[in-house]
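Hi,

Here is the structure I promised to pass on. Have a look at it first, and then read on for some notes about its aromatic rings.

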Amino acid sequence: MIQKICCLGAGYVGGPTCTVIALKCPDIQVVVVDKSEARIQQWNSDTLPIYEPGLDEAVKKSRGRNLFFSTDVDTAIKESDLIFISVNTPTKTYGFGKGRAADLRYVEAAARRIAEVAVGKKIVVEKSTVPVKAAESINNILRANMRPNVSFQVLSNPEFLAEGSAVSDLLNPDRILIGGDQTSEGHKAIEKLCWVYKHWIPEKKIITMNTWSSELSKLAANAFLAQRISSINAISAICEATGACVSEVAHAVGTDSRIGPKFLEASVGFGGSCFQKDVLNLVYLCECLNLPEVANYWYQVIEMNQFQRTRFVRRITEKLFNTVTDKKITIFGFAFKKNTADTRYISTRLFCSVELHF
């Protein structure tokens, strides 16, 4: 079975995921690699590069025993049986799909690095959030650079971590999705990854499927969650116009067993690095598949989120006598949600003429 795992990317997904794997699988050596020396130094220090409840303790229990953080990417690839690709997939800022499609340059670079230095049989696991058919691109890169006595199986294993509860989500997940080729070799690779997770996760929670279903399931899950936030925020606008209380309406709606109470708290809108990126990715996929009605449907989730932000800023401006020039606004809590230090993709441009204090 799997004896050594390496993860390309020591970020918000790769670091916590491999920490929990090392914690629950003491018989497996886990190496997390990254090109950033500063980031690796932080993972090897008492001040980790990210904050998650319970992460410090989990790292200290395994680091130096079967969990290692390194910049030696090539050695980790060569020695591992299974390789997670857990690199950033931001929204493209230029070219076809600008502002919607996922930028896969880092995924492609990781695949090329694996193809260049790997020896023997490798299971390559797509952990980053990617568009449907990204695994096909990884496969094409690996096959184009195929060398004698080297073979690959590519799997999809999307993460479902909520920042602020990542360790808890990893220890007690709702489900684990693993997608792969529906061939004998593909099934063998899936079983090996299943074996890793079975160290602490009940078999009934591990769901296997084809690669494309696994990739789409991640985007669909985040789109549904973002949709719920935009839905309750749309209702909050009606509440403010009519005198209804959005908290009472949300409670009434959430008690319906078919709906449930989660993600029904009205707010300024969703932030962070995932929801907007993944919904826009889904929109772009629909446009490429010539499904404009579906694309427009999901884009309204983003439109409503932006409307809620704008409405919030307008209300502040109104309370400040319709001018913010030379005014001071204090923001308590600049991360996009509690129990996280993540301030990525937070913009102060809405307050362009305001002096901000954090």
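There are six aromatic pairs in this structure, which is a predicted model. Rings of Phe, Tyr and Trp (its six-membered ring) pair if their centres lie within 6.5 Å; planes under 30 degrees apart count as stacked, over 60 as edge-to-face and the rest as tilted.

Take Trp43 and Phe69: the ring centres are 5.0 Å apart and the planes at 10°, so this pair is stacked. Trp43 sits in helix α2 (residues 37–43) and Phe69 in strand β3 (residues 67–70), so the pair links distant parts of the chain, 26 residues apart. Helices (H or I, at least four residues) and strands (E, at least two) are DSSP runs, numbered from the N terminus. Trp43 and Phe69 are both buried (under 20% relative accessible area; exposed is over 50%, partly exposed in between; 1.4 Å probe, protein chains only).

Phe263 and Phe275 make a tilted pair, with 6.3 Å centre to centre and 50° between the planes. Phe263 is partly exposed, at 38% relative accessible area, whereas Phe275 is buried, at 14%.

An aromatic cluster is formed by Phe224, Tyr297 and Trp298.

Two charges also lie over ring faces: Arg100 over Tyr299, 4.8 Å from the ring centre, and Lys133 over Trp212, at 4.2 Å. The criterion is NZ of Lys or CZ of Arg within 6 Å of the ring centre and within 35 degrees of the ring normal.

Residues are numbered from 1 along each chain as its sequence is written, and side-chain values use heavy atoms, leaving out hydrogens and water. Local features need pLDDT of at least 70 and side-chain atom pairs count only at pLDDT 80 or more, while totals for chains, interfaces and linings use all residues.

Best wishes
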